[in-house]
Every structure is written in structure tokens, then in C-alpha cells.
Amino acid sequence: MYDVFITKASTYLPNEPVSNDEMETYLGLINDAPSKARTLILRNNKITTRYYALDKEGNPTHSNAQITAKAIEGLFDKNFKKEDMKLLSVGTTSPDQIQPSHASMVHGELNIGKSIEINTATGLCNSGMNALNYGFLSVKAGVHENAVCAGSERMSAWMTADKFNHEAENLKLLEERPIIAFKREFLRWMLSDGAGSFLLENKPRENQTSLKIEFIDFYSYAHEIEACMYAGCEKQEDGSLKSWADYSSDEWLKQSIFALKQDTKILDKYILVKGAESLRASFDKHNLDPEKIDHVLAHISSGYFKDGLKEEFAKKGMDFPSEKWFYNLSEVGNIGAGSIFIALEELMNSGTLKKGEKILLCVPESGRFAYSCSLLTVC
């Protein structure tokens, strides 16, 4: 078995940052009218800028595969050329097509000029961590001496005005209980585009920052809880999901079968509590001391959850001081599977990390409540 290190990280954010006031310029107006819910939603999610693979007329400028490839190209240098890549493992919520796989399309965009092993992880926010874990285990087992892993999204194409029904949000409910905003309109003002990538190798690089991956743990609560976030299906009264394949083509449009939806009734009940429960299980499993953690990077979909997550961790004996938490949500937005990659890349290249420091990664997924966490050591 080999040690595994993140030896380089790279991010790609398409086009220029989009301010809150510019969002409808890119995404369009539903029913030709400004959103009445937008201000309330943005006030709660605390995002000030994000990135779209769209121009101001709403036309696409990049595919997801192109965004991912551009992030990966930032890993190539004199020490690691694209021809050196042994494994490509990528994760996303929003592939450009149902088939071929996202990894196949990214491989094609990279124009490596040779055959390599590829892996695609699909799902929601944890798909990026699933892709990272595949690369981690492959290098650790000695199957490959290196792996390129990436998490990416191109959610803007799902959020343009033509994709939405003409139902108005109940503003009174939004004001009384912000979690109600976790419906389709919330997601419209929340999700954005971008990609982050890591190079994994079986030895650290000399004279530059490398991060040793100590472990990656995963937890699913699908045996306890019904689906919360879903697309390509419709939720039934008993909590089951009816597949798009079981609807007619007319129903696909009329019922917005392919729209990304959120069951707000169960989101706030479980998302933070199960996250803390999962992290406590990993701390017990690996006999970790919370005081020995130097940096906490937790993917959150909204600033609305920031304080609550800290409190839930503290209830489980993991009371990390505020100065240890690292977020870039307000500047880059919620990029789903790519968010944890993009946050770690910023921290890794900040020049502030010190040898021996411990970095904790935490990623929740509200699809059917799955969680992942990882511990890294600065080399």
C-alpha cells in the first residue's frame, strides 16, 4: 500500500463573476417579470458573486466537459504532462448528456492522445468526493502511480427562465421560514458553474505544498430517510420516486419531470443533524482529537446553514473555533460536486498552510442524505 498525496490543485471558473443584480440578465426573466423571491433568497444564502457558462443573452459558452477539462489543464506542468496521466476520475451532478459518461467526454476534450482508465461518479454534491475516493484507492493500492480527480457543475443551463413553471413563490412563507426557499426558485438563485481538480501521486513534491490523504469516509442514510433532492423523476405520496421513463413525453414538460427539486419538509430536519452524526462516527473510528484540527472546510449550500452546522458539530463534541473554518461560498457560489475542490484549491495555494497542519473536509448531500469527510495532512 502506498501513501497518497494531493500534489497540485487547479480551478476553472467560466467567464466573469456575476453579481446578484446581474443574475436575471444571464438567466432571464420568468414570465418576463423580475423575481419577487430573489432578494429574500440571496439575503439568506449570503452569496454575492458566482460564475455562469452563459453569455448575457443566456447562450452557453462552455459545456461541463469543457469546464472540467480546463480545470484539469491547470495541473499540467514540466513535472506532470498530460501524457503522464494514468487515471481520470470525475464527478458531477450535471453531465452534458445522459450517455456517454462525463469522464468519456472530458477525456475527449483533453486530447491526451492515448487510452487511459476513466471513472465517472454521478449523484449530487458527494459525486466529487466519490471521484476523489476512486483515485485515492487506485493510487493507494498501487494500481496507478497517479490519478487526476475533478468535481464540476454546469447548473446554469438548468436554471434559465425557459426551464421554469409559471408559479409564483409565497413570499410570506419565505419571510417567516427561509428554508421554504429550498424549492426550485431557491436553487435558481443558488447554483452555479465551475470545476476544481486535484493531481494525486504516491509521493509528495519537493519544495512545494502537498497534502497527504489520511482517509476518506462515506455515510448514507437512505435506509432511514426518503429522497430530498431529485431530478428526472417525481416524488410520490409514499415518498418513493417515479422515474422519468414511466411518464409520457407530454408529462415530461407539463410536470417539469427533469427539473431539479427539493423536498423542503425534510431538508432542515436532517441535513445538519446527520452531518454531525457522520463526522462524529469518523472521529471515533480514527480516534481523532478535534483540537488537533487546524482547518475545517465544509461544503454548505447556503450561508443560512453556516452557524447551524457549527452548533451541531459542537453538540457532538467537535467545537471548532470560528477562525478554523474556511469558506469561499460568498465569492464563488454553490458549485455542488466542485465546491470542496475549489475551496481546497484556494486554501492550498494561499501560502498560509504549515507543515503538519490537519485539514478536515466535510461534504453533505441532501439527495437521500449521504455524507463524506476526509482528513489531510500538510507536507
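**View 1. Surroundings of histidine 295 in the predicted model.** Leaving aside neighbours within four places in sequence, histidine 295 is in contact (heavy atoms within 4.5 Å) with Lys324, Leu347, Leu353, Glu357, Lys358, Ile359 and Leu360. Histidine 295 belongs to strand 13, residues 295–298, where strands (E, at least two residues) and helices (H or I, at least four) are DSSP runs numbered from the N terminus. With a relative accessible area of 15%, histidine 295 is buried, a term that stands for under 20% relative accessible area with a 1.4 Å probe and protein chains only. Residues are numbered from 1 along each chain as its sequence is written, and side-chain values use heavy atoms, with hydrogens and water left out. Because the model is predicted, local features need pLDDT of at least 70 and side-chain atom pairs count only at pLDDT 80 or more, whereas totals for chains, interfaces and linings use all residues.

**View 2. The two domains and the contact between them.** The domain assignment, automatic or from a database, gives domain 1 (4–210) and domain 2 (213–230 + 259–378). The contact takes 57 residues from domain 1 and 46 residues from domain 2. About 4,200 Å² is buried between domain 1 and domain 2, with carbon and sulfur atoms giving 69%; this is the accessible area (1.4 Å probe) that the two parts lose on being put together, summed over both.

**View 3. The side of domain 1 that touches domain 2.** Elements that each supply at least two residues of this side include strand 1 (5–12), helix 5 (127–140) and strand 7 (193–201).

Note on methods
Buried < 20%, exposed > 50% of the residue type's maximum accessible area, 1.4 Å probe, protein only.
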